[in-house]
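Subject: Structure handover

Hi,

Here is the structure I promised to pass on. My notes follow below it.

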Amino acid sequence: MLEDHPTAAPWPAAYPTGYAVVDVETTGLARHDRIVSAAVYQLDAHGEVEDHWYTLVNPERDPGPVWIHGLTSAELAGAPLFGEITEEFSARLADRVLVAHNAVFDWSMIAREYARAERTAPVSQRLCTIALSKELGLPLPNHKLESLAAHFGVVQQRAHHALDDARVLAEAFRPSLHAAAGGGVRLPLLECLPLTEWSASPPPARIGRQSSYGSWRPSRKRPACPYPNPGRYETDKPLKQGMRVAFSGDTSVERELLEDRAIEAGLHVATSVSRLTSLLVTNDPDAGTSKTVKAKSYGTPIMDEAAFGQLLRDVSPAEKLPARPSDG
C-alpha cells in the first residue's frame, strides 16, 4: 500500500493549488433529476483537509431511490432549495479543482442545478478519481468507491451518504495525489463547462426525448480512444477497454453524459455502426433505425441502457500495448 505522506520528490509546479472533493446524492440519473444532498471537502495543494460542509437539498419532487440515499420526502421538505445554497456552495468550490468519483456525473448534476438557479458554478476544471486510479495503475478489482477506499485502508461508515462518501474520497484522494506527484504523473484534468441552454419545463409529451432539452454544453470533438479494439462484446462477460460502442435512440440518461461515462471508462464511442462495432446500446431494438438495422445485419450485440449502465461500473482493463488511434 502507498504510504500517506508527502513525497520526497519536488512537488509538480503545474499541479493545482486546491481541491474541492464533492459528492452529491440525487433523485436519479437523468437530466431532469435533482440533487437531494451535497457535501464538499476542501483540500489544500497537497490534499490535506481544510474544511468540510454538508447540506440537504429540497428537490421539489419525489426523492427517488430512498433505499439508496436514505432521504425521504418528509426529511427533505424543510431543506433549502438549491438556489438558496448556491452562495455557500460556490464559496467552497471557488478557484479549486472539483474532485469526484465518476466526476462527469457529479459535475453534470451540479451544472444543471446552477443553470436552474440562473447561476454559474465557479469551477473550471474537474478530476475524476476513477481516471486517476487508472493513470496510477492501482490494482483495484473494480472502479467502485469502496474498492478505492479499501485499497488505501479507508473505512466507509455510511455508503451513499454524501458527507461520508466525500470524506472517504478525500482520504483516498490524498495518497493518490502524493503517488501521482512522486511519479510525475500528469493529473487527468478536464474542463468544466457550464450549461449553455436550459428548459426547466419541457412539454410533457416530449419529456425524456433528446430533442426536448437544450444542450447543456457545446459539442466538441471527442478524444481518440488509446486502447486497441478487443472485438465484440460477449454475453455475461464484462466490457473491455477499447470496445467500440454506438448509441441509438432516446436514453433516460442524457446522451452526452452517457457517452462521457463510456469514454472515461476507456471505451471508444463510435458515431456509426460497422463490422468493427463491439456493441450497440439502444432502448428500442425494434425501432428500425439505420444503426439497429446495420447491427442486426452484422450480428453486432445489442443491449439496453440499463444493462450497459451496470456493465460500466466494472470495465476490464485493456491490453498493455495501446493501438494507434482510429476515427469514430
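E113 and R34 are both buried. They form a salt bridge, with the closest N and O atoms 3.0 Å apart. The pair links distant parts of the chain: E113 sits in helix α4 (residues 103–116), R34 in the loop between β1 and β2, and 79 residues separate them. Keep in mind that this is a predicted model.

The pair is part of something wider. R34, E60, E113 and R116 are linked in a network of salt bridges.

You will find D236 in the loop between β6 (189–191) and β7. Its relative accessibility is 76%, so D236 counts as exposed.

Back to charges. How many salt bridges does the structure hold? The count is 14. Two further pairs are worth a look.

First, R61 and D33. Their side chains meet in a salt bridge at 2.8 Å, N to O. R61 lies in the loop between β3 (49–56) and α1 (66–69), and D33 in the loop between β1 (18–26) and β2 (35–44), so the pair ties together parts that are 28 residues apart in sequence. What about exposure? R61 is partly exposed, with a relative accessible area of 29%. D33 is at 6% relative accessibility and counts as buried.

Second, D164 and R167. Here the N to O distance in the salt bridge is 2.7 Å. Both residues belong to helix α7 (residues 162–183); they are three residues apart, so about one helical turn separates them. D164 is buried at 6% relative accessibility. R167 is buried too, with a relative accessible area of 14%.

Now the sheet. In what order do the four strands of the open sheet come? The order is β8-β7-β9-β10, and the pairing is parallel. β8 (268–269) and β10 (302–303) stand at the edges, each with a single partner strand, so one side of each has no neighbour in the sheet.

Strand by strand:

- β7 and β9 pair in the parallel sense over four bridges. In this pairing, V245 has L279 of β9 as its bridge partner.
- β9 (residues 279–282) and β10 run parallel and are joined by two bridges. V281 has M303 of β10 as its bridge partner. L280 stands opposite I302 in β10.

β9 is covered on both faces. L279 and V281 are buried on one side, L280 and T282 on the other.

Helix α9 (residues 290–298) lies across β7 (244–248), β9 and β10. The helix runs at about 140° to β9. What is the handedness of the β-α-β unit made by β9, α9 and β10? The unit is right-handed.

Next, V123. This residue is found in the loop between α4 and β5 (125–128). V123 is buried, with a relative accessible area of 8%. Leaving out residues up to four places away in sequence, V123 touches R96, L98, W107 and C192. V123 and P194 are 71 residues apart in sequence and 9.2 Å apart in space, C-alpha to C-alpha.

Last, the cysteines. C192, one of the residues that V123 touches, counts as buried at 6% relative accessibility. C225 is buried as well, with a relative accessible area of 7%. How many disulfides are there? The count comes to zero, with a cut-off of 2.5 Å between cysteine sulfur atoms.

- the salt-bridge network of R34, E60, E113 and R116;
- the open sheet β8-β7-β9-β10, with α9 across β7, β9 and β10;

Over to you.

Best wishes

Definitions and conventions: Residues are numbered from 1 along each chain as its sequence is written. This is a predicted model: local features need pLDDT of at least 70, side-chain atom pairs count only at pLDDT 80 or more; totals for chains, interfaces and linings use all residues. Side-chain values use heavy atoms; hydrogens and water are left out. Two strands pair if DSSP finds at least two bridges between them. Contact means heavy atoms within 4.5 Å. Axes are lines fitted to C-alpha atoms, for helices over the stretch in contact, and angles run from 0 to 180 degrees between N-to-C directions. Buried means under 20% relative accessible area, exposed over 50%, partly exposed in between (1.4 Å probe, protein chains only). A crossover is right-handed if, with the strands pointing away from the viewer, the path from the first strand over the helix to the second runs clockwise. A salt bridge is a side-chain nitrogen of Lys or Arg within 4 Å of a carboxyl oxygen of Asp or Glu.
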